[in-house]
Amino acid sequence: MVAYIDNKPYDIIEGETILNFLRRHLGPYPVPTLCDAPNLEPYGSCRVCSVDVALEKNGRSKALASCHTQITEGQYIYPDSDNIRRMRKSILELVLSDHPLDCLTCEVNGNCALQSVAYKIGIRDVRYPDGETHLHREKDLSHPYMTSDLSKCINCYRCVRACDEVQGEFVLSMAGRGFDSYIIKGQDVSFAESDCVSCGACAQACPTNAISDVFESKSLVPRSTTRTICTYCGVGCNLEVATLNGEIKSIRAPYDAEANQGHTCLKGRYAFGFYNHEDRLRSPLLKKNGVFEEISWDEAYGIMVDKFHSIKKEYGPDAIGGISSSRCTNEENYLMQKFIRAVIGTNNIDGCARVCHSPTALGMQRSFGTGAATNSIKDLKVTDCILVIGANPTDAHPVTGAKMKQFAMKGKTTIVIDPRKTELARYATYHIAMRPGTNVAVLNMMLYYIIDAGLDDKEFISNRTEGYEDFRKEILRLDMDKMAEISGADRKLVKEAALAYASAGNAMSFHGLGVTEHTQGTFTVQLIADLAMITGNIGRPGVGVNPLRGQNNVQGSADMGVQPHQGAGYLDVTNPEINQKYFKFYGVAVPSEVGLKIPEMFDASIDDKLKALWIIGEDVVQTDPNTQKVKKALRNLDFLVVQELFMTETAKEADLVLPGASFLEKDGTFTNGERRIQRVQQVVEPVGNSKVDGQIIVDVMNRMGYYQPDYDAAIMLEEISQIVPFFKGVTWDRLGTNGLQWPVDESGKDTEILHIDRFKRGKGKFAYHDFRETDEIAEHGSKYPYIITTNRELEHYNCGAMTRRTANVEILKEDIVLINPADAQTKGIKDGDLVCVESPRGKVDIKAQLTEEVKPGVLSTTFHFPEIMINNITGDVHDTEAKCPEYKVVAVDFRKSRKQHLRKAGVLE
Amino acid sequence: MTQHELKIICEKNHFDRHSLMDILHEIHDHQGFTTEEDIRILSENLKISEIDLRQTISFYHFFACSSRGKYTIYLNNSAISNLKGREEIEKVFIEEGGCVKNGVSPDGLIGLYETPCIGMSDQEPAALINGRIFTNLTAFRAKELLHNMKKGLPLEDMYTTVYGDGRNAHPEMKSIVRNNIRRVGPLLRPSEKMQVLKNQVSQMSPEQVLEQVKLAELRGRGGAGFPTGLKWQFCRMAEGKKKYVFCNADEGEPGTFKDRVLLTEKPEDIIEGMIIAGYAIGAQEGVLYLRYEYKYMKNYLEYIIQTLREEGFLGKNPAGIKGFSFDMRIQLGAGSYVCGEESALIESTEGKRGEPRSRPPFPVEKGYLGYPTVVNNVETFCAAVKIVQFGGDWYNSLGTDESKGTKLVSVSGDCRYPGIYELEWGFTMRDVLEMVGAKETRAVQMGGPSGELVNKHQFDRILCYSDLATGGSIMIFDRRRNVIEDVVVNFMEFFINESCGSCVPCRNIPKLLKEKLDKILSGKGTSQDLADMERWGAMMKINRCGLGHTAAHPILSSLKNFRSHYERKLRKHTDFISDVDLLEASKEAAEYTNREPVI
């Protein structure tokens with residue numbers, strides 16, 4: 001099939017637009033466009049892209065907008081006829097007749113779609129007379145990040161569409177009609193007053209300077225940018241960072257990025273200001289008589305080597321431990337575990353995955369053989385149903401969350417299982433709001449109803465799985481009334497949701513920390529896997545089990561062996577064959593006993609068994625549960641090294657503090673939640689006297705007598721690819737712009753979907769687990785009748801060390817506790833009151849917000865701010881299998897605080 | 001409204017965001033406008049963002065976010081209303097009623113707003129007060145209304161009991177509107193209810209029905225004239241789990257009121273036509289999109305639909321036709337001319353801003369809720385019934401070579417017998433003028449503002465698709481009227497108000513053209529201005545929708561047919577006058593420098 005461009009034949013693709021057809025054959029800019037954008041649906045409001053279309057050669061033609069008109073066979077397209085050229089010129093002049101001509105003083109001068117289109121068309125002046133205009137509109141500078149100057153608006157709807165189609169936030173809109181139509185934010189208020197989530201999609205989409213940001217990101221000239229990967233969550237957004245004279249100016253999102261297609265959230269786009277914040281640690285610090293003093297790197301290394309040697313000599317290698325960081329690169333994590341295993345000689349290495357997704361890794365390994373997401377985020381485009389359990393993606397994984405929200409808003413089947421009415425839950429088809437801690441009961445109910453309705457995929461079960469018969473019997477033996485009573489979930493709703501999931505065709509599940517951070521975390525993951533297997537939702541596009549990874553490189557750090565029982569590539573350290581393999585590869589003997597998990601390290605320290613600990617990039621004091629116990633454990637150590645960007649609560653406890661480098665200051669790779677290994681590229685030099693974390697580890701390794709070449713991401717990857725089986729074909733060059741999804745075979749071919757024909761472990765394993773009440777409730781429930789559950793806010797990341805040092809604090813400046821109005825009334829609490837929340841461990845004073853987002857009996861809060869230190873009250877209960885702490889269920893009681901001003905958290909004596 | 005009340009409304013509408021128009025109407029019926037709090041509560045219940053609600057509300061003329069008075073008067077400001085004495089009525093409302101133009105009286109009692117043609121051009125001046133129609137207003141009647149409003153009387157009590165003719169007096173309608181049927185043809189002749197469905201359609205296959213419509217060469221009666229048979233065939237061929245038949249009763253073209261009369265007198269025929277269309281294309285559901293101005297008919301039409309349902313003509317197996325079911329509902333609009341465009345009408349029915357969609361896909365492929373949808377004008381459905389009844393051949397024998405059948409025209413303006421005429425295509429304008437008793441006619445606006453303004457030398461032109469096409473509007477202006485001041489300016493204001501604002505040319509050009517008109521009327525025009533207007537007007541053809549394509553027609557066609565009227569107003573012997581008044585522009589500088597400008 002062909003159509004003609006200026007009478008020359010070219011092939012057409014059925015259903016493509018004329019614009020697409022022209023782009024394929026004439027290059028990216030065949031005709032000028034204004035309202036068209038790479039990540040938005042065609043809209044057709046500016047009409048600048050119009051072309052002449054005739055049915056016969058040089059025949060009678062009609063001007064049609066090329067962006068939304070489909071090409072048909074045999075059409076003759078004249079993209080640049082005299083008629084069209086005249087018309088374009090007139091349209092542009094029309095646009096300019098209501099647009100200020102202050103280009104020289106405009107932020108986007110030189111990077112403005114309107115300007116370049118006018119330039120291409122050749123506009124010198126506007127022939128339309130001065131009439132009524134909108135040039136009097138005032139600037140909106142109310143927001144910490146977003147700015148607008150709507151006198152420059154050309155009504156192209158790109159911002160409105162970006163807000164709707166990309167973010168799904170519906171903050172921007174067009175009000176009124178005709179000449180008087182104009183962009184409004186929220187209920188026609190300022191950016192600051194609106195519900196804007198500052199994702200910046202509108203600023204990036206706006207072709208002029210009508211909407212921008214305080215970083216003037218649109219003044220960015222592409223040649224000074226570096227492409228790298230965001231550090232703020234497991235989505236793995238690609239960022240384009242603009243620098244000037246070695247300083248970061250602004251960040252945009254590349255449209256060709258697989259992970260984020262031109263989108264980011266406010267953390268990725270705007271919260272980079274921490275990197276050269278005055279609080280950044282700029283030199284190694286040694287604590288002398290309780291006061292930190294700056295020392296040189298040589299001194300610091302000397303102290304470390306001495307301490308590690310002497311402790312190893314006196315107490316053995318198992319008296320030393322390391323906690324590596326999921327914010328660091330794969331290469332750094334690999335080095336850290338190598339250091340602990342090969343240089344120190346212990347398996348006491350763990351990472352923050354312990355407190356987030358360790359049950360996912362374990363549970364999915366038990367069911368499938370691999371502890372990673374089975375599918376890719378892009379499968380959201382092809383799936384018929386999503387099941388989101390214990391995750392709040394619009395806050396914690398905003399770019400993926402926005403895609404899910406779009407999915408739900410299109411009316412596609414969305415099931416949310418979450419005690420809180422999260423944003424996604426508001427748009428969901430089914431929202432099952434159970435009591436925190438009863439995931440197992442709810443999932444068992446779903447499984448029961450699916451089996452009961454005969455919707456189990458018998459063919460898949462018999463061909464691909466094992467253990468089903470026993471599993472089925474156990475499930476059918478359950479009493480649904482009892483399960484409903486335990487979970488507080490509506491039976492009918494659970495049944496409808498279960499049947500919707502089972503009969504959807506392609507159903508995908510996603511889960512977050514609301515699944516894992518429980519006594520029965522690993523079991524819950526296994527039940528989610530059961531749910532996928534029983535319905536045959538494995539091994540093709542649009543299905544599977546997909547954990548939403550918390551930190552940017554949780555997947556990678558686990559892949560690299562940051563856990564006490566598995567080395568690099570998830571190989572079992574207790575297996576003699578594996579041990580030999582590591583021995584050969586590292587050139588030194590490696591231990592074969594499973595090491596200590598993080599909570600066990602704390603216990604070991606309190607028991608005087610662990611003497612030294614090296615913590616990289618994790619604030620265990622603020623983020624691990626039961627703060628007082630963590631502090632006690634750290635204080636009991638002989639030697640604590642903390643490698644950090646800032647003086648965190650944990651760093652304060654250290655004997656030696658090492659200044660590490662942020663993601664903007666180093667090379668390496670991060671692996672996102674869909675197993676995509678992507679290149680992190682250095683944008684600026686590390687600040688002050690800080691060093692790339694990988695180099696610090698290498699330096700210490702060398703000083704302790706183990707030869708390791710200087711840190712270089714490409715060389716490190718080469719080493720890793722030789723030991724980690726699923727990294728076999730990974731090289732720095734092959735990763736290219738969009739990375740590769742592991743496993744990557746020798747030829748460099750990557751994998752979008754796991755377990756297509758067979759599971760990693762052969763057959764998928766069904767595992768039945770009955771609901772068991774957590775010890776927290778069983779022991780303390782009667783004295784502390786409320787449950788507090790912890791979660792995240794969009795604006796902040798984990799302990800907040802980075803985001804609190806950006807303008808994000810202007811948007812959200814404190815932790816608050818969410819209380820149902822009914823509970824608040826019982827306790828005589830008003831919105832904004834300080835309340836004292838007390839658990840068996842301690843109490844904190846925190847500001848209350850009354851909301852229906854939580855059910856009666858449930859409170860919810862965050863731990864982004866050290867002023868509150870909510871983990872003073874969280875408990876000591878862990879997942880029985882993976883030792884992940886139960887942050888999500890804490891038995892508490894609360895009352896109005898006696899003093900109504902905020903003070904630092906107090907602790908019960 | 002309270003949270004509870006709103007929730008009940010939403011519940012009644014199954015919490016379906018697509019029912020937003022109905023929900024908003026119910027709120028407006030209750031309290032006249034939507035509050036911020038209402039928007040918040042609706043947003044929660046319907047799962048639409050608050051801003052989406054706001055943008056939808058702000059799009060429609062008859063929705064508001066603040067009070068428009070206990071009594072809200074929408075006084076028609078069409079060209080016809082103007083020449084029938086609108087100004088005098090408005091004066092009474094303002095001077096004696098304390099009303100503020102396009103605002104609410106200080107005491108909050110009466111809101112007075114302008115609104116474009118409300119479909120009463122044969123009985124102007126007319127106004128819409130709290131959703132009811134008041135026609136043939138006089139100064140006396142206006143004073144009487146004011147008096148009653150100040151007493152706080154319910155609107156019903158202000159209505160006379162002398163209802164209009166025909167079914168206007170129907171107990172479910174009780175309106176004072178008159179039909180003014182002047183010439184009757186096959187469409188307007190009395191017919192027996194659902195006879196064609198019972199006797200003919202039940203014996204025919206859908207293909208045979210389609211065949212007859214194609215044979216008749218029926219073209220859409222809304223104005224665009226797309227072949228109906230072809231439209232139905234496309235929709236029949238399109239794939240979809242469901243299909244829809246939409247009746248476009250959003251009769252918004254100024255000067256048109258023939259659908260009003262068909263809706264009043266022939267609702268059974270319209271519905272029969274919709275059922276027939278549903279049968280031919282394989283649709284199960286119908287929607288009649290009724291313009292807000294005709295809200296007074298809503299109860300009546302719903303009563304008719306319910307009666308037909310009870311009689312077995314709607315629902316499962318209409319008239320006993322096996323394997324076919326069809327039911328329908330009414331969707332009330334909220335005041336937007338562009339909603340008469342088929343894709344905008346569908347958007348509006350989905351509860352959104354009535355902005356035309358980009359095409360393709362066409363509604364016959366992807367229409368309401370994404371399902372294949374046929375949208376036809378009221379009259380088209382009536383004609384389809386007659387075609388099936390008497391055969392495509394018969395219909396094809398009426399009219400001219402390329403315009404088949406009869407056409408209902410609404411005649412208004414300077415003539416003795418304004419009203420509805422059913423004419424075979426092929427009459428000359430002169431015939432029509434004679435028939436309606438028009439004397440000393442200066443200009444005739446054919447097809448409403450989007451059509452053509454005809455001068456007296458063109459009265460031998462023929463009413464048909466290839467010459468003087470019309471969706472039904474014929475407005476007559478005699479020698480007392482000024483073409484530019486009384487007609488063109490009014491029409492341009494109409495288009496400025498009704499543009500949705502999406503396409504650049506449609507958003508900006510009508511405004512610029514109007515500014516040119518003002519310049520010419522102020523005596524500053526030159527021949528250059530006329531050339532500019534023609535050039536700019538020509539750009540309108542690249543807009544997305546029909547409104548955009550035609551929004552410069554009042555100027556383009558008057559420049560063509562009444563050029564001398566413009567030329568008479570131009571500055572003589574001057575090709576160009578700057579838009580800038582130098583004296584005015586340098587005034588500020590002169591003040592600062594304390595010097596007189598030397599110009």
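The model is predicted, so local features need pLDDT of at least 70 and side-chain atom pairs count only at pLDDT 80 or more, whereas totals for chains, interfaces and linings use all residues. Residues are numbered from 1 along each chain as its sequence is written, chains are lettered from A and ligands numbered from 1 in the order in which they are written, and side-chain values use heavy atoms, with hydrogens and water left out.

**Exercise 1.** Describe the packing of H1(B) against H3(B).

*Solution.* Step 1: locate the helices, which are DSSP runs (H or I, at least four residues; strands are E, at least two) numbered from the N terminus. H1 covers residues 3-12 of chain B, and H3 covers residues 36-46 of chain B.

Step 1: take the angle and distance. The two axes lie 10 Å apart, at an angle of about 45°; axes are lines fitted to C-alpha atoms, for helices over the stretch in contact, and angles run from 0 to 180 degrees between N-to-C directions. H1(B) is therefore oblique to H3(B) (under 35 degrees is roughly parallel, over 145 roughly antiparallel, 65 to 115 roughly perpendicular, the rest oblique).

Step 2: assign the hand. The crossing of H1(B) and H3(B) is right-handed (the near helix is turned clockwise from the far one by less than a right angle; anticlockwise is left-handed).

Step 3: list the contacts (heavy atoms within 4.5 Å). From H1(B), B:Gln3, B:Leu6, B:Lys7 and B:Cys10 meet residues of H3(B) that include B:Ile41 and B:Leu42. The contact of H1(B) with H3(B) comprises five nonpolar, two polar and three charged residues (nonpolar: Ala, Val, Leu, Ile, Met, Phe, Trp, Tyr, Cys and Pro; charged: Asp, Glu, Lys and Arg; polar: the others, Gly among them).

**Exercise 2.** Characterise the interface between chain B and chain A.

*Solution.* Step 1: 43 residues of chain B contact 43 residues of chain A.

Step 1: the buried area (accessible area, 1.4 Å probe, that two parts lose on being put together, summed over both) is about 3,700 Å², and carbon and sulfur atoms give 52% of it. On the chain B side, B:Ile51, B:Arg507 and B:Ile542 lose the most area to chain A, together 18% of what that side buries.

Step 2: two salt bridges are counted between the chains (a side-chain nitrogen of Lys or Arg within 4 Å of a carboxyl oxygen of Asp or Glu). A:Arg177 and B:Glu498 form a salt bridge at 3.1 Å, N to O.

**Exercise 3.** Which parts of chain A does the pair A:Glu773 and A:Arg435 link?

*Solution.* Step 1: their side chains meet in a salt bridge at 3.0 Å, N to O.

Step 1: A:Glu773 lies in the loop between S32 and H29, and A:Arg435 in the loop between S20 and H13 of chain A, 338 residues apart.

**Exercise 4.** Where does A:Pro743 lie?

*Solution.* Step 1: the peptide bond from A:Trp742 to A:Pro743 is cis, with omega near 0°.

Step 1: A:Pro743 is in the loop between S31 and S32 of chain A.
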